[in-house]
Amino acid sequence: MIFMATPPNFEKGQSTYRLPRFNGQYYSWWKTRMHDFIMDEDPELWDVICDGPFVPMKTIGEVTVTVPKTGKEYNDADRKAIKKNFRTKNILVFGIGPDEYNRIPACQSAKEIWKALQTTHEGTTQVKQSKIDMLTTEYEFFKMK
């Protein structure tokens, strides 16, 4: 049987049914647990993170132009979808500590929050590629020695 070491920031009394808390360490561990937590809550919440918030739209005019609906024009399905936007954002906000929260105050959606945390802790694709190139060069240099 293989046991996985628990990161030191695993809070006492935290269970797999409670929201995972991120304090700035072990981002990939938190990211995986948060994904699983959100999928367990409601898979549509993960869609909000991947696709961005749902914005109710309406078609106007003969030329078929779509524009956002006003709050008064929302139907029950619109309200339910918008509630998912806020639920997802709340899960992410409650899942981070105060230091991490200071990184995301300007974020308006769950997708923006997720991207901001991901960029901060994993870097952009360009940064990741630079790290891979640097490590490859170090490895090749080590082999030459």
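Reader: At roughly what angle do the axes of helix 2 and helix 5 cross, and within what distance do they come?

Author: The axes of helix 2 (residues 43–51) and helix 5 (residues 110–122) cross at roughly 70 degrees and come within 7 Å. The axes are lines fitted to C-alpha atoms, for helices over the stretch in contact, and the angle between N-to-C directions can run from 0 to 180 degrees. This is a predicted model, in which local features need pLDDT of at least 70 and side-chain atom pairs count only at pLDDT 80 or more, while totals for chains, interfaces and linings use all residues. Residues are numbered from 1 along each chain as its sequence is written, and side-chain values use heavy atoms, with hydrogens and water left out.

Reader: Why are helix 2 and helix 5 called roughly perpendicular?

Author: An angle of 65 to 115 degrees counts as roughly perpendicular, under 35 as roughly parallel, over 145 as roughly antiparallel, and the rest as oblique. The axes cross at roughly 70 degrees, and helix 2 and helix 5 are therefore roughly perpendicular to each other.

Reader: Which residues of helix 2 and helix 5 meet?

Author: W46, V48, I49, C50 and D51 in helix 2 meet A110, K111 and W114 in helix 5. By class, this contact has 6 nonpolar, no polar and 2 charged residues. Contact means heavy atoms within 4.5 Å. Ala, Val, Leu, Ile, Met, Phe, Trp, Tyr, Cys and Pro count as nonpolar, Asp, Glu, Lys and Arg as charged, and the others, Gly among them, as polar.

Reader: What makes helix 3 roughly parallel to helix 5?

Author: Helix 3 (residues 76–94) packs against helix 5 at about 30 degrees, with the axes 8 Å apart. That angle falls under the parallel limit, so helix 3 is roughly parallel to helix 5. T88, K89, L92 and V93 in helix 3 meet A110, I113 and W114 in helix 5. This contact divides into 5 nonpolar, 1 polar and 1 charged residues.

Reader: How many helices and strands does the chain have?

Author: The chain has 6 helices and 2 strands, in the order α-α-β-β-α-α-α-α. They are DSSP runs numbered from the N terminus: helices are H or I with at least four residues, strands E with at least two.

Reader: Why is I38 called buried?

Author: Buried means under 20% relative accessible area, exposed over 50%, and partly exposed in between, with a 1.4 Å probe and protein chains only. I38, in helix 1, has 1% relative accessibility and so counts as buried. Leaving out residues up to four places away in sequence, I38 touches P43, L45, W46, I49, I91 and L92. I38 and I91 are 53 residues apart along the chain, and their C-alpha atoms are separated by 8.0 Å.

Reader: Is Q118 buried or exposed, and how do you know?

Author: Q118 has a relative accessible area of 16%, under the limit, so Q118 is buried. Q118 lies in helix 5 and, beyond its neighbours within four places in sequence, is in contact with Y27, K31 and G123. Buried residues make up 29% of the 145 in the chain.

Reader: What phi does Y26 have?

Author: Y26 has a positive phi of about 60 degrees, although it is not a glycine. Most residues other than glycine have a negative phi. Y26 is in the segment before helix 1 (27–41). Its relative accessible area is 41%, which makes Y26 partly exposed.
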